[in-house]
Amino acid sequence: MIHNEEEAKEIVQDTFVDIFLKRDTIDFTKNLKGLVYVTARNKALTYLRNIQSANRFLTDPYSELEDVKSPEEIVTEEEQLSMIRNSVKTMPDEQRAVMVQTYQEGLSTAEIAEKMNISERQVQRLRKKALDELMQLQKLIAFFLII
């Protein structure tokens, strides 16, 4: 989709920043992989539309610049949140609990450890494993954006 590796990396980073900034409104018990995929795809399509518009303007500055979205491009925020919830639902119980308490409830590592009756180190391990899975997803998305 995006044939420029640097632009693809930028799109993937923007995707995760957007999701991180919306973490307070996200229910992590839904399909996180789906949300990340759809968000990245939409960002890639927007990037391509912008490039196309810029190219059109450079070749004919008086042409109309239309911004028409296909039904495939139109994905509501609610659908994206649903995808995140489904993805987090597939995580093991302890891992999911750590992610929800960290990013949705805003609890510290110590608070989570106390609440779950496990060590702080175990909380860190569970969080790292969940984030590693998300990083794998990020790499997969980057791969598809480069193609």
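Modeller: We can start with the whole chain and then go to single residues.

Colleague: What sort of model is it, and what does the protein chain average in pLDDT?
Modeller: It is a predicted model. The protein chain averages a pLDDT of 76. Of the residues, 68% score at least 70.

Colleague: Which elements have the lowest and the highest mean pLDDT?
Modeller: Helix α3, residues 77-89, has the lowest, with a mean of 63. Helix α5, residues 109-116, has the highest, at 94.

Colleague: How many helices and strands does the protein chain have?
Modeller: Six helices and zero strands. Along the sequence the pattern reads α-α-α-α-α-α.

Colleague: What share of the residues is buried?
Modeller: The protein chain has 147 residues, and 36% of them are buried. The chain exposes about 9200 Å². Carbon and sulfur atoms supply 53% of that area.

Colleague: And the contacts? What percentage join residues at least 24 apart?
Modeller: Take the contacts between residues at least 6 apart in sequence. Of these, 75% join residues at least 24 apart.

Colleague: Back to α5. Which residues are buried there?
Modeller: Thr109, Ile112, Ala113 and Met116 are buried in α5. They are on the same side of α5, because they cover an arc of only 100° around the axis.

Colleague: Why would residues three or four places apart point the same way?
Modeller: An α-helix has 3.6 residues a turn, so residues with that spacing point the same way.

Colleague: Which exposed residues are on the face turned away from the buried side of α5?
Modeller: That face carries Glu114 and Lys115.

Colleague: Let's stay with Thr109. Why does Thr109 count as buried?
Modeller: Its relative accessible area is 19%. The cut-off for buried is under 20%, so Thr109 counts as buried.

Colleague: What does Thr109 touch, leaving out residues up to four places away in sequence?
Modeller: Thr109 touches Glu120, Val123, Gln124 and Arg127. The C-alpha atoms of Thr109 and Arg121 are separated by 8.6 Å. Those two residues are twelve apart along the chain.

Colleague: What comes just after α5?
Modeller: Asn117 does, with a positive phi of about 60°. Asn117 is found in the loop between α5 and α6, and α6 spans 120-146.

Colleague: Is Asn117 buried or exposed?
Modeller: Exposed, at 71% relative accessibility.

Colleague: Which ring has a charged end sitting over it?
Modeller: The ring of Phe20. The charged end of Arg23 sits over that ring, 4.0 Å from its centre.

Colleague: Where is Phe20, and how far is its C-alpha atom from that of Tyr103?
Modeller: Phe20 is in helix α1. Phe20 is partly exposed, with a relative accessible area of 41%. The C-alpha atoms of Phe20 and Tyr103 are separated by 8.4 Å. Along the chain the two residues are 83 apart.

Colleague: And where does Lys22 lie?
Modeller: Lys22 lies in the loop between α1 (5-21) and α2 (32-59). At 37% relative accessibility, Lys22 counts as partly exposed. The C-alpha atoms of Lys22 and Gln104 are separated by 9.7 Å. That pair is 82 residues apart along the chain.

Methods. Residues are numbered from 1 along each chain as its sequence is written. This is a predicted model: local features need pLDDT of at least 70, side-chain atom pairs count only at pLDDT 80 or more; totals for chains, interfaces and linings use all residues. Side-chain values use heavy atoms; hydrogens and water are left out. pLDDT is the predictor's confidence in each residue, from 0 to 100. Helices (H or I, at least four residues) and strands (E, at least two) are DSSP runs, numbered from the N terminus. A charge sits over a ring if NZ of Lys or CZ of Arg is within 6 Å of the ring centre and within 35 degrees of the ring normal. Buried means under 20% relative accessible area, exposed over 50%, partly exposed in between (1.4 Å probe, protein chains only). Contact means heavy atoms within 4.5 Å. Accessible areas come from the Shrake-Rupley method with a 1.4 Å probe; for residues, only the protein chains shown count as cover. The arc is that of the directions from the helix axis to the C-beta atoms.
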